Amino acid sequence: MKNLWEIFYKGVFAQNPIFRLALSLCPALAVTSTATNALAMGLSVMFVITSNNVVVSLFRKWVNPKVRVPVYITSIATIVTLVQLVLEAYFPILFKELSIYLALIVVFAIILARAEVFAAKNTVVPSFFDGFGMGFGFALAMVAIGIIRELFGAGTIFGIQIMGSSYDPALIMILPPGGFILIGLMIASFNLIGEYQDKAKAEKRKLAIQRGEA
Amino acid sequence: MAEYFTLFMGAVIVNNFVLTRFLGLCIFFGVSKNLNASVGMGMAVTSVMTISSGLAWIVYNYILHPFGLTFLTTVVFVVLIASFVQLLEMIIRKHAPTLYNLWGIYLVLIATNCIVLAVPLLNAESNFTFTKSIVHAIGSGAGFALAIILMASLREKLQYADVPKSLQGLGIAFILAGMLALAFFGFSGMIPL
């Protein structure tokens with residue numbers, strides 16, 4: 001059980017697809033101008049990555065390694081089509097807003113990477129948790145970016161007014177340039193936190209050594 | 001003629017694929033460390049995108065649309081483009097080794113890439129004619145090449161700058177891209193689409 005938790009958790013922080021691995025950046029910028037779109041995209045990707053991991057790991061013994069990439073791509077494309085049809089039927093407005101980026105989930109590097117690196121070598125249950133964790137980390141990062149952009153760019157979160165009426169929205173945050181700059185700063189702050197953690201660890205070790213000598 | 005020119009310029013600067021539509025960012029940030037590699041990548045993307053747009057147009061208008069199979073567009077386009085790129089790579093490796101050394105590795109990288117898939121999908125969505133699809137693809141490719149070459153030139157200069165440690169690498173690259181996007185934003189509204 002503990003092992004499964006670790007598999008799930010590593011996708012959320014240590015190997016967060018967006019901030020740590022810098023994979024699948026296109027949707028992180030394109031559909032995060034509102035928190036709602038970001039959440040919808042995050043959930044779609046989470047569903048695709050989890051079910052694709054399960055499918056790949058179920059069929060891993062029958063897939064000839066030489067043709068594995070086309071097989072994975074076809075499997076991903078089928079699941080994405082499923083998501084597209086469901087969204088088009090039940091959430092037509094959302095479907096229109098996500099438009100082409102929904103179809104482009106097919107070529108997200110992170111999904112193919114998880115199939116290749118993890119699901120092709122593991123049994124169904126760990127593969128499920130690996131996909132779930134990676135998808136969760138992705139969705140979390142998407143929503144975080146979406147909330148910040150919507151809050152500063154429109155004064156709302158999930159369409160609910162947060163800032164007072166005297167707040168003048170900084171339109172740049174919703175526009176493309178703001179997205180780039182915000183993600184740049186977020187990656188930098190993740191690095192900064194990582195640096196401090198390393199420094200604290202090094203300090204602790206130094207103290208322990210001194211104490212040992214004394 | 002004017003219509004095609006508008007479409008082309010629109011795809012290159014107004015709706016630049018990288019800077020306003022956020023497509024192809026993985027290769028945009030991955031390859032733009034080096035100017036020579038960026039030029040190669042720009043050429044590879046443009047040519048692959050143009051040919052696969054043509055192929056995809058034929059498949060969409062003669063097979064998918066008449067038989068009412070448009071819901072399969074995503075699956076068919078992905079498989080079509082990936083297999084076409086693989087084939088192209090094999091042919092080039094066999095018959096033009098010099099060319100292969102020059103940009104063969106980029107072909108593998110773009111076999112499944114969002115920018116190459118996006119253009120045929122957009123063409124199908126906006127019901128372009130064959131010529132329009134091709135012009136749109138060339139324009140999009142040129143826009144990508146322009147963005148990645150600008151970015152690579154900036155990043156090569158950046159090596160002499162003293163960047164704070166946590167911003168180094170991807171962080172500063174994103175902020176640079178933001179500045180470029182801001183500059184390109186000035187073009188918006190120039191061509192009504």
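Read along the sequence, chain B follows the pattern α-α-α-α-α-α-α-α, that is, eight helices and zero strands. The structure described here is a predicted model. The radius of gyration of chain B is 18 Å, which lies close to the 16 Å given by the globule rule for 193 residues, so chain B is as compact as a globular protein of that length. Along the principal axes, the C-alpha trace of chain B spans about 60 × 45 × 30 Å. Of its 193 residues, 44% count as buried, and among the contacts in chain B with a separation of 6 or more, 79% are accounted for by residues 24 or more positions apart.

Within chain B, the packing of two helices was examined in detail. Two packed helices are described by the angle between their axes and the distance between the axes. For helix H7 (residues 130-158) of chain B and helix H8 (residues 170-185) of chain B, the axes come within 11 Å and cross at roughly 130°. Since an angle over 145 degrees would be needed for a roughly antiparallel pair and one of 65 to 115 for a roughly perpendicular pair, H7(B) and H8(B) are therefore oblique to each other. The crossing of H7(B) and H8(B) is right-handed. On the side of H7(B), the contact is made by B:Ala147, B:Leu150, B:Met151, B:Leu154, B:Arg155 and B:Leu158, while H8(B) contributes B:Ile172, B:Ala173, B:Leu176, B:Ala177 and B:Leu180. Sorted by class, the contact of H7(B) with H8(B) comprises ten nonpolar residues, no polar residues and one charged residue.

Between the two chains, 34 residues of chain B are in contact with 34 residues of chain A. On the side of chain B that touches chain A, at least two residues each are supplied by helix H2 (25-31), helix H4 (73-95), helix H6 (114-125) and H8 of chain B. The residues of the side of chain B that touches chain A divide into 25 nonpolar, seven polar and two charged.

Turning to chain A, there are eight helices and two strands, and from the N terminus on the elements run α-α-α-α-α-α-α-β-β-α. The C-alpha atoms of chain A fill a box of roughly 70 × 60 × 30 Å, taken along the principal axes. Of the 214 residues of chain A, 43% count as buried, and residues 24 or more positions apart account for 76% of the contacts in chain A with a separation of 6 or more.

A:Leu98 is found in helix H5 (residues 92-103) of chain A and counts as buried because it has 22 C-beta neighbours inside 10 Å, where the cut-off is 20 or more. When residues up to four places away in sequence are not counted, A:Leu98 touches A:Val31, A:Asn37, A:Ala40 and A:Met41. For A:Val31, which lies 67 residues from A:Leu98 along the chain, the C-alpha atoms of the pair are separated by 6.7 Å.

Technical notes. Residues are numbered from 1 along each chain as its sequence is written. Chains are lettered from A and ligands numbered from 1 in the order in which they are written. This is a predicted model: local features need pLDDT of at least 70, side-chain atom pairs count only at pLDDT 80 or more; totals for chains, interfaces and linings use all residues. Axes are lines fitted to C-alpha atoms, for helices over the stretch in contact, and angles run from 0 to 180 degrees between N-to-C directions. Helices (H or I, at least four residues) and strands (E, at least two) are DSSP runs, numbered from the N terminus. Angles under 35 degrees count as roughly parallel, over 145 as roughly antiparallel, 65 to 115 as roughly perpendicular and the rest as oblique. A crossing is left-handed if the near helix is turned anticlockwise from the far one by less than a right angle, and right-handed if clockwise. Two residues are in contact if their C-beta atoms, placed from the backbone, lie within 7 Å. Ala, Val, Leu, Ile, Met, Phe, Trp, Tyr, Cys and Pro count as nonpolar, Asp, Glu, Lys and Arg as charged, and the others, Gly among them, as polar. The radius of gyration is taken over C-alpha atoms; the globule rule is 2.2 Å times the number of residues to the power 0.38. A residue is buried if 20 or more other C-beta atoms lie within 10 Å of its own, exposed if 12 or fewer, and partly exposed in between; C-beta atoms are placed from the backbone.
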